[in-house]
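Please examine the sequence and the structure shown below before reading on.

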Amino acid sequence: MFFTVEPMINAGRYEVKVLSDGWTAVTKDRSLSAQFEHTIGVTATGYEIFTISPAGLHRPPYDLATPAESRPPGSAPA
């Protein structure tokens, strides 16, 4: 059995609409959004994730701090 998990992460509200091409989904409030997917196969002995990137590109970086967020309070930008 195969499953495809496709979360859509929106900066604004969750409501979406599909454009006239019948494929493209956009947020109704026109906020930024991102979509990614994983395909998972379930077997009699476990599971396998088929979308793992050998380069580690299948997940975002863990250190998400921007330079501005990592500066001490009150310090000026470099």
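## A nonpolar patch on the surface

Strands β1 (2-5) and β7 (46-49) each contribute at least two residues to the nonpolar patch. Strands, like helices, are DSSP runs numbered from the N terminus, with at least two residues (E) for a strand and at least four (H or I) for a helix. The patch lies on the surface and consists of M1, F3, V5, V42, Y47, I49 and I52, which together have about 700 Å² of accessible area. Such areas come from the Shrake-Rupley method with a 1.4 Å probe, and for residues only the protein chains shown count as cover. Patches are made of residues with over 30% relative accessible area and no salt bridge; nonpolar side chains (Val, Leu, Ile, Met, Phe, Trp, Tyr) are joined within 5 Å, and like charges within 9 Å.

I52, one of the patch residues, is located in the loop between β7 and α1 (67-70). Its relative accessible area is 44%, so I52 is partly exposed. On this scale, buried means under 20% relative accessible area, exposed means over 50%, and partly exposed is in between (1.4 Å probe, protein chains only).

## Basis of the model

The model is predicted: local features need pLDDT of at least 70, side-chain atom pairs count only at pLDDT 80 or more, and totals for chains, interfaces and linings use all residues. Residues are numbered from 1 along each chain as its sequence is written, and side-chain values use heavy atoms, with hydrogens and water left out.

## Overall fold

The chain contains seven strands and one helix, in the order β-β-β-β-β-β-β-α along the sequence. Of its 78 residues, 9% count as buried.

G41, in strand β6 (residues 38-43), has 4% relative accessibility and therefore counts as buried. The C-alpha atoms of G41 and F2 are separated by 4.4 Å, although these residues are 39 apart along the chain. Y47, in strand β7, counts as exposed because its relative accessibility is 61%. Y47 and F2 are 45 residues apart in sequence and 9.4 Å apart in space, C-alpha to C-alpha.

## The largest pocket

Rolling a probe the size of a water molecule over the atoms shows where empty space is left. A pocket is an open set of points, on a 1 Å grid over the protein atoms alone, where a 1.4 Å probe fits, with protein on both sides within 12 Å along at least five of seven lines; lining residues have an atom within 4 Å of a point. The largest pocket has a volume of about 160 Å³, a volume being the space filled by probe spheres set on the points, which are joined across faces, edges and corners.

Its lining is formed by M8, W23, T24, A25, S33, A34 and Q35. Strand β5 (residues 33-35) provides the largest share, three residues. By class, the lining has four nonpolar, three polar and no charged residues.

How many salt bridges does the structure hold? There is one, and it joins the side chains of E15 and R13 at 2.9 Å, N to O. A salt bridge is a side-chain nitrogen of Lys or Arg within 4 Å of a carboxyl oxygen of Asp or Glu. E15 counts as partly exposed because its relative accessibility is 23%, whereas R13, at 51%, counts as exposed.

R30 is found in the loop between β4 (25-27) and β5. Phi of R30 is near 60°, a positive value in a residue other than glycine. With a relative accessible area of 74%, R30 is exposed.

Conventions: Ala, Val, Leu, Ile, Met, Phe, Trp, Tyr, Cys and Pro count as nonpolar, Asp, Glu, Lys and Arg as charged, and the others, Gly among them, as polar.
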